[in-house]
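Hello,

Here is the structure for your files. My notes on what was found follow below it.

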Amino acid sequence: MDKFQIERRVGERVRVAAERAIVEAIEELNAAGHSFESSGNGLIDWREPGNDHRLSVFCTVGVSYGQPAVVTGSSSPDDERFISRAQSGRDRAATLLNQLEGGISNGGLYQTIENQGVEFMDECAELLRGIGARASVRIVEAAAGAWREHQAALEGYAALRKQLARLDRRFWGLKESIPALYERTHSSD
């Protein structure tokens, strides 16, 4: 197997396992008295009727096969302070900008918008504007604009993912054993 095939296989297996775990967790919450429903973004966003809260599931998976990166030095004091602010949870702006950078680093702009929503990008653009990151603002706004420009196609894609997620749940709930059936039909080989 080449690098791409290895990364794809591992990434796909982890994604399927994560999606299964999300579905099971939502089923457990609903069995405990909640009534979460997917809000149209597949397994990412869930809402309860009559509730303003949104349950968002962020499960970014990155797979890399190859030589480990060579660390050339430590981060700057500014980087360390920023990370500390972001991870503390007390500085919302730092947390969001850290999520933006991490999302783009891990899965690119498409995955970041898919996971966080286009409104997240709008909010980050404002935060970037506030710190004078003009070049970053242009890219983030262009990404949000492109997303909106293709909204109809994206909604079709979201509907497809939702339909396939329902089929995933049905598939994993089957009582058939594919290996047993295969072996039963090929026992004379």
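**Salt bridges and a nonpolar patch**

Arginine 15 and glutamate 12 sit 3 residues apart in helix α1, about one turn of the helix. Helices here are DSSP runs (H or I, at least four residues), numbered from the N terminus. Their side chains meet in a salt bridge, 2.2 Å from N to O. A salt bridge means a side-chain nitrogen of Lys or Arg within 4 Å of a carboxyl oxygen of Asp or Glu.

Before going on, the ground rules. This is a predicted model, where local features need pLDDT of at least 70 and side-chain atom pairs count only at pLDDT 80 or more, while totals for chains, interfaces and linings use all residues. Residues are numbered from 1 along each chain as its sequence is written, and side-chain values use heavy atoms, with hydrogens and water left out.

Arginine 15 counts as partly exposed because its relative accessibility is 31%. Glutamate 12 is partly exposed too, at 38%. The classes are buried (under 20% relative accessible area), exposed (over 50%) and partly exposed in between, with a 1.4 Å probe and protein chains only.

Next, glutamate 19. This residue is also in helix α1, which spans residues 3–31. At 11% relative accessibility, glutamate 19 counts as buried. Its side chain makes a polar contact of 2.6 Å with that of arginine 15. A polar contact is a pair of N or O atoms within 3.5 Å; within protein, one must be able to donate a hydrogen and the other to accept it, and residues adjacent in sequence count only if both atoms are side-chain atoms.

Glutamate 19 also forms a salt bridge with arginine 161, with the closest N and O atoms 3.5 Å apart. Arginine 161 lies in helix α6 and glutamate 19 in helix α1, so the pair ties together parts that are 142 residues apart in sequence. Arginine 161 is partly exposed, at 25%.

Glu12, Arg15, Glu19, Glu114 and Arg161 are linked in a network of salt bridges. The structure holds 10 salt bridges. Another one of them joins aspartate 91 and arginine 85, at 3.3 Å between the closest N and O atoms. Aspartate 91 is partly exposed, at 22% relative accessibility.

Now the surface. Tyr110, Tyr157, Leu160, Leu164 and Leu167 make a nonpolar patch of about 440 Å². Patch residues have over 30% relative accessible area and no salt bridge; nonpolar side chains (Val, Leu, Ile, Met, Phe, Trp, Tyr) are joined within 5 Å, like charges within 9 Å. Helix α6 (residues 151–172) gives the largest share, 4 residues. Tyrosine 110 lies in helix α3, residues 92–116.

Best regards

Notes. Accessible areas come from the Shrake-Rupley method with a 1.4 Å probe; for residues, only the protein chains shown count as cover. Helices (H or I, at least four residues) and strands (E, at least two) are DSSP runs, numbered from the N terminus.
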